[in-house]
Each structure stands twice: as C-alpha cells, then as structure tokens.
Amino acid sequence: MPKPFYITTPIYYVNDKPHIGHTYTTVLADVLARHHRMLGEDVYFLTGTDEHGQKIEKTAATRGITPQQLVDEVAPNFENLWKHMGLTVDYFVRTTHAQHKATVQARFLELLAKGDIYKATYKGLYSVSDEAYVTEIQAKEMQAQGLAHQLVELEEESYFFRLSSYENWLIQLYERYPDFVQPGFRLNEVKQFVSPGGERGNLQDLSISRTSITWGIPVPNDEKHVVYVWFDALLNYLSACKDGHWPPQVQLVGKDILRFHAIYWPAFLMAMFREAGDDLNGELPARIRKQLPETILAHGWWLMGDTKMSKSLGNIVRPKELLYFGTDAARFFLLRDMQVGHDRAFSFDAFMDRLNADLANGLGNLAARSISMLQRYRAGVVPTPIAFDEVDLEVQSYLSRVAPEYLKKAEAHDFNGALEGLWAFLRHLDGYIVKAEPWKLAKDEANAAKLDTVLVLLYRALRLAAVLAAPVMPELCQKLWESLGLPGAVSDLRYADFDVQGLAPGPVSDPKPLFARIDKDLAMTEIEAIKIAEMGAAPVVEQPLDVPPLKENIDYDTFAKTDLRVGLILEAEEVPKSKKLIKMKVDLGFEQRTILGGIKEAYAPADLVGRRVVVVANLAPRAMMGIESHGMLLCASDNASKPYLIAPPEDAKPGFNVR
C-alpha cells in the first residue's frame, strides 16, 4: 500500500485578491505534491480560504453586504486561480463549510470537558492586524517595528486555551524533533518565543473566543461568543483531512504565521490527543508526536527591493503579471530563485533574465539542437553507444550523479539547489557539444561510433531532465518528453522505475519549441498594461499631457523624403504569441503589403478591416515575430495612452499622397 503524503498550504484570508506570496506558497506545495506522486506516494494536497473574523465583518458592513456574501465573492478568486494554473489540489476547504464548523465545535467541547479550555475575563493589548491579544514581549516587538498604532486596549469575557500547560511538551518537541520546524534557523525563532533566553514560564494562555464580533463559528451552548480565528482556522487541517492521511507530512507557511503553526497548532493537537494519565510536566509521549505534523516548512517573503510587498504600498505583484510568460515559466522562476526559508527580492528584469538564460538559451536550445541532430544524422533513431572516449565517460559519470543529487536536495525541500544542480549539468552539455563537434563527426563514417555516443548521451540527459523537472514544469517537460518520442505522461512515471541508461523505445519526434526568448521591452510594456487593467477603472482626472519633447529641426528636403500614402486595410489578424501586434494586409493602390502594428490594446482585428489609414510607404522592410512588415501606420498618442490611428477622409483613395 502506498505511503500517504499529506501536504497543506495556509488557508488564505479573503480580505484581498491573490498575489505573488499566495501563488508562491501554493505552487511550492503543488511541486512537492507532484514530486511525491512520482515517488509513488498517495498524495493528498489541501488548500483553501480563511473566511471569519473582524476584518471580514467590517469590510462587509462598509460595502452594505453580509459577510457570507463577501466571502462567497472573494473565495473563488483563489480556487479559480489554482484551477487556471493547473495545480493538483485535492480539496479546497472553506472555513464556512458545514463540515469544518462541526469539527471546530466538537473539538471545542472536547477540550472544554478536559479542562484545556476555560472562561475568564481578559484585559490587555490587542493587535488589530493579527486579530490576536498580545503579550508584553510581543507588544514591545511591534512597537520596535513601528506598529504600535495597531495595538488597542481591550477588556472582554473570553474562553481561553491553557497554552501555558503545554510549554514543557512544546520545548521537548523542538529539542528532540528538530525537523518539526524547517529551516533550522526558523526553529530557533520559535524556541525564543516559547522560552526566551532559555527562561521558561513565559508562555501565556491563549484567548480563543470573542464577544465583540458576530462573524465566526458560535461557541456551542454560549452563542454570544464566536470561536476566535486561530482556533477556527488551524483546525481546517483536521476537518478537511482525507481518511488515512493524518498527520500532515509537510505544512507550508509564510514566516509571518510560523508562530501560530509551530506553537498554537501543536499545542491544540497535544490537548486533543492526550489521554488520562499523561503527565504534562513529564516526557512528551511518542504516540503524541506521531499525531503532530512531521514538518512545518516556513518560507520567506518576496520583496520589492528591500521592502516587503504590501497592498498599502502598491508594490504587489499579481498572478496575471507573473503568468504573462506562462504558468510553467512562473513556476520555474519561483522555485529556481527562492531559497526556502529566506527572503528574495523580485524584479521583472531578473525574472526575464532567468527565463531567457535557463529556458530559452539553456534547456530549449539544447533540446532543439540535440533532437535536430538525431533527426539529421540518424533519421530520428536513437543509436546504441559502443565507443566512449575520456570526455564521453566524464559526461556519463556526471549523468549518473545528477538524479541522486537532485532527489536528495528535493527531499530536503531545496528545489532551488536541486534545479541549480540540474542546470549546471545542462550547461556542461553545451560545452560537451562544442568539444565533440558532432557536425564534423557526421562528415566521416569512420566517426560513426563516436557520433552515436554523443547523440545518445544528449538524448539520455534530456530524458532525465524531463523526468526530474516534471513536478516544476509539467507542461514544458511533457512537450520535451513527446519530442523525445516517449509515450504517455512523464508525470505518471515513478522515479524508482526510471532507468537513466535505458534504451529509447522509438524514434524522436519533431522538436517542439519549449520556450521563446523574451523581448524584454515589449514584455514590460504589456505587463504594465496588465497591471493597469488589474487596478480597475479609476476616477477620471484631467492630467497634463505627457508628451515627448520636440525632436531636433530638420530641413524640408529631409522631410520630403518621407512618402506618406493612404492605405485601405483589407485583412487583419492577431499575431500568435504577441499581446500587442496585429498583422494587416493593406492596399496602397499600386500594390498590397503586409504591415504589422502594435495596436492590439486599442483595436480588435475585426474593427480594422475596411478602415483607411496613413502609411509610411518608403520605410525599409523589417522582420518582427518572424514576419516581414513593409511599412508603418501613423498613430497619435501621448507617452502613456493607447494609440489612435490617423484616418484620412472616406473619399481619399488608396495610394493618394499625404502631404
């Protein structure tokens, strides 16, 4: 029976649309889920939304709708995005689900009966942003961070969880099972919170209900109280667990919510699974440890420069901007450039440089060259190698090491390091091709055996890359798999069944383009348009014209060299893979020409047919996106606005001079 593997993301609070932070966490979880399926394990992947709390109640009231209407409106933004991205989520939990509500209420009553929950009055500081009461130490931390304005004095009746009673077991959990929190330096942060400087007795009981709000799960038999968001939210991992999959093997969290997952969450579970006779001041029972998550994996933040992305600062990167280059490209960058546990600065420039270097120039170019040589020199049939010189043996040895090293790093959740190792091998192969010079070997039949070896080693390397990188880039690796003439889905393969040295089952196919090189200027123009569209329509405010300065004066003779003609657009269609260009057939009276125009943001192709335009007719032809464009249409605009085509009168004939 396959080993179960249960992986979770945090459930995302529905006070905003998804951004790069949500996307990174969920993509990382999906990569781990796919990876463990290829290990042959029975994977259950859970994500969802956190839908209760004061912020939701206030926002709904401001908009004049009910909290349920608000969360029903926002939650699909997350669920639909994960579906659009092809993430292999097994279940999407919402804390407004009846099953979740029943689980929270049942566990609340259970802990109340055990004495782990009690009612008292709380008076102290409350963090509005975290929706949590804070200790004196936490308050000092927030004040040092300039967050004192988020603290308010509150006094209210509340149910409390006896968190302090579990301090001893928690400290043993951290000391005896250091893999409980990864990476290790994050575990040290947790230890310092529970026992600052090694001093015990600082952990305080936790308020887990509110009377000041109504939007939450009612406390059974005391409905003026609603269950506080963290006792509610954290229990989703239990309420939505598939039978036979408890406990979770990996729970992904951002570093900002590590405290809740590494302290409150295991303490809740310890209370739920402890039995009569267990000594809270004694040793943590092994059977209790078996009921706790194996690893809480805490990742860092994506930064914009040195600053955390924030809606208030307006520096958030949204998924639509990331996905401009395709889902697999976004997945690759997020895994390749972020070292789990650490922060990482984001820029579109670095994003595009990575994709051009590793996907277009790297894997894409290597695959195209290698498969084309197999077709050209061996009619697509992968030969059997019989002759190995020193350079070939070096590559073969390297090839045998790549998978074990990759899988070892992936097992440690280090996909950044795993991918770096794999791409170092691919770069080595580029050098191997330069040394082997297969194009020269092909000219002399005496070198046939050597050429066979070179081609086979390149084939096996590409096949291995498709297998190892499949969890990270499922679509791209499937294209590569099919180009190599291999049947079925690469993601259905199991690592243990894969033979690096195995014979090819058949001839290769035509190489499918894996990734086109990015035109960075064009891409940024189109990403800015996406960003503006995502922001929504803003109030119209008259702005001073943003126009470029006048160019230097020219004389009449220079201007007279420009030949402007009236043209009539006969046909128009979008240019594949371009978000800006439209291909048009234009009648100039004396001839018809193909002209490309970057006007798709302002005009639909169907609206252009039959339209008269002004054409720069004596402009030298220029290739764009593999299409020759002969001429240019005149448009008006300021620096920022959409283009407006210059339109001659309807009675102006194609070919007329414009002067």
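Trainee: At what angle do the axes of helix 1 and helix 13 cross?
Mentor: Helix 1 (residues 20–38) and helix 13 (residues 327–337) cross at roughly 90 degrees, and their axes come within 10 Å. That makes helix 1 roughly perpendicular to helix 13, a label for angles of 65 to 115 degrees. Helices here are DSSP runs of H or I with at least four residues, strands are E runs of at least two, and both are numbered from the N terminus. Axes are lines fitted to C-alpha atoms, for helices over the stretch in contact, and angles run from 0 to 180 degrees between N-to-C directions.

Trainee: Before I go on, what kind of model is this?
Mentor: This is a predicted model, where local features need pLDDT of at least 70 and side-chain atom pairs count only at pLDDT 80 or more, while totals for chains, interfaces and linings use all residues. Residues are numbered from 1 along each chain as its sequence is written, and side-chain values use heavy atoms, with hydrogens and water left out.

Trainee: Which residues make the contact between helix 1 and helix 13?
Mentor: Helix 1 brings I20, T23, Y24, V27, L28, D30, V31 and R34, and helix 13 brings R331, L334 and L335. Contact means heavy atoms within 4.5 Å. By class, the contact of helix 1 with helix 13 has seven nonpolar, one polar and three charged residues. Ala, Val, Leu, Ile, Met, Phe, Trp, Tyr, Cys and Pro count as nonpolar, Asp, Glu, Lys and Arg as charged, and the others, Gly among them, as polar.

Trainee: And how does helix 13 cross helix 16?
Mentor: Helix 13 and helix 16 (residues 415–436) cross at roughly 105 degrees, with axes that come within 6 Å. That makes helix 13 roughly perpendicular to helix 16. F332, L335, R336 and D337 of helix 13 touch F415, N416, L419, E420 and W423 of helix 16. Five of these contact residues are nonpolar, one is polar and three are charged.

Trainee: What about helix 18 and helix 19, at what angle do they pack?
Mentor: Helix 18 (residues 448–468) packs on helix 19 (residues 474–483) at about 150 degrees, with the axes 9 Å apart. That makes the two roughly antiparallel, the label for angles over 145 degrees. In helix 18, L462, R463, A465, A466 and V467 meet C477, L480 and W481 in helix 19. That contact has seven nonpolar, no polar and one charged residue.

Trainee: New topic: how many cavities of 30 Å³ or more are there?
Mentor: A search of the whole structure finds two. A cavity is a set of points, on a 1 Å grid over the protein atoms alone, where a 1.4 Å probe fits but cannot get out, and lining residues have an atom within 4 Å of a point.

Trainee: What lines the second largest cavity?
Mentor: Y91, V93, H97, Q99, H100, S239 and A240 line it. Strand 3 (91–94) and helix 4 (98–114) each supply at least two of the lining residues. The lining divides into three nonpolar, four polar and no charged residues.

Trainee: Last one: is the peptide bond from Q182 to P183 cis or trans?
Mentor: That bond is cis, with omega near -10 degrees. P183 sits in the loop between strand 7 (181–182) and helix 7 (184–194). The bond from W246 to P247 is cis too, with omega near 0 degrees, and P247 is in the loop between helix 9 (236–239) and strand 11 (250–254).

Terms used. Angles under 35 degrees count as roughly parallel, over 145 as roughly antiparallel, 65 to 115 as roughly perpendicular and the rest as oblique. On a 1 Å grid over the protein atoms alone, a cavity is a set of points where a 1.4 Å probe fits but cannot get out, and a pocket is an open set with protein on both sides within 12 Å along at least five of seven lines; lining residues have an atom within 4 Å of a point. Grid points are joined across faces, edges and corners, and a volume is the space filled by probe spheres set on the points.
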